[in-house]
Amino acid sequence: MKVHDVEKFDIEKIGSVGFQATNLGIGIEIIEKMKSENATVFFGFTANLVASGIRGLIADWVKKKFVDVIVTTGGSLDHDLIKAYKPYLLGSFYENDARLHSKGINRIGNILVPNDRYELLEKKIQPIFEKCYEKYGKIVSPSEMAYEIGLTIEDDNSFLKWASKNKIPVFCPGITDSAIGLQTYFFKQKRKDFGIDVTKDMKKLADIVLNAEKTGAVILGGGISKHHIIGVNLVRGGLDYAVYVTTAQPWDGSLSGARTDEGVSWGKIKENARHITIDGDATIVFPLLHAGVKRKN
């Protein structure tokens with residue numbers, strides 16, 4: 001392949017640039033392939049990305065039914081619900097954090113979240129807990145709760161809104177590790193028998209995997225949302241397609257830093273699967289992936 005000298009930006013030629021741009025081009029091709037082969041597409045991402053400005057691009061894939069299943073962290077639900085009503089603020093990586101704390105402002109990298117956003121969250125989530133309690137009984141699953149949250153949101157940049165509207169399940173295996181999880185403590189003061197059962201979603205998730213002809217995954221970041229996708233695909237012999245985007249490194253043996261080829265050794269990705277790891281910040285890489293596949297879908 002000829003190394004392309006870029007004179008003007010053309011996403012269709014990004015794969016011939018070299019280095020991580022080539023991996024990006026391969027990632028676009030793999031995503032297009034999983035869609036053309038009618039694979040069941042799993043979309044994994046972490047909460048920090050919903051706190052960022054790419055929340056709307058994530059929602060766009062869900063709105064257009066580009067993905068079939070979402071697996072994410074508890075904080076994604078927090079941020080999506082809050083940002084449906086109030087924006088976050090742009091700051092700096094070099095803020096005086098003691099001063100921020102004294103002002104009731106929390107920092108996520110260079111994104112600032114005032115405490116009143118979490119007061120808003122409490123106001124919005126408590127009635128949803130009550131609805132879940134009445135509709136599903138004492139024990140609710142994370143996907144049921146995510147569905148009910150999405151039904152209350154009108155903001156078009158919300159992935160939960162479009163997931164609920166399009167009946168795309170949102171699995172959140174670590175939901176209690178979030179502000180919503182903390183809010184369950186307060187709700188249980190009134191409804192002591194209320195609970196969130198993450199195992200309640202396992203059959204639902206496994207059935208999707210087992211009934212799929214092929215499966216593919218686009219995973220932004222690492223942690224529990226990444227592993228829950230690749231782990232459940234063990235039951236069918238692994239993913240047929242996988243695209244990872246990560247800034248983590250593999251040298252410490254972490255799951256977040258593990259490349260796609262490591263997943264092959266576990267049977268989480270098939271030996272003959274098409275897969276690639278793109279090293280880069282997802283707030284940069286995902287908009288490029290989005291632009292690359294959008295023009296052909």
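**View 1. Helix H13 spans residues 282-294 of this predicted model.** H13 has 13 residues. From first C-alpha to last it reaches 17 Å, close to the 18 Å expected at 1.5 Å a residue (1.5 Å times one less than the number of residues). Helices here are DSSP runs of H or I with at least four residues, strands are runs of E with at least two, and both are numbered from the N terminus. Ala282, Val285, Phe286, Leu289, His290, Gly292 and Val293 are buried (under 20% relative accessible area, 1.4 Å probe, protein chains only). Seen down the axis of H13, the buried residues fall within an arc of 165 degrees, so they line one face (the arc is that of the directions from the helix axis to the C-beta atoms).

**View 2. Strand S9 (residues 215-220) is covered on both faces.** Of its 6 residues, 6 are buried. Thr215, Ala217 and Ile219 lie on one side. Gly216, Val218 and Leu220 lie on the other.

**View 3. S9 pairs with strand S1 (residues 40-45).** The two run parallel, joined by 6 bridges (strands pair if DSSP finds at least two bridges between them). Phe45 stands opposite Leu220.

**View 4. S9 also pairs with S10, in the parallel sense over 5 bridges.** Ile219 has Tyr244 as its bridge partner. S9, helix H11 (residues 223-232) and S10 make a right-handed β-α-β unit (with the strands pointing away from the viewer, the path from the first strand over the helix to the second runs clockwise).

**View 5. S10 (residues 239-246) and S11 (residues 269-279) pair in the parallel sense over 7 bridges.** Tyr244 has Thr277 as its bridge partner in S11. The chain crosses from S10 through helix H12 (residues 260-266) to S11, a right-handed β-α-β crossover.

**Notes.** Residues are numbered from 1 along each chain as its sequence is written, and side-chain values use heavy atoms, without hydrogens and water. In this predicted model, local features need pLDDT of at least 70 and side-chain atom pairs count only at pLDDT 80 or more, while totals for chains, interfaces and linings use all residues.

Methods: Buried < 20%, exposed > 50% of the residue type's maximum accessible area, 1.4 Å probe, protein only.
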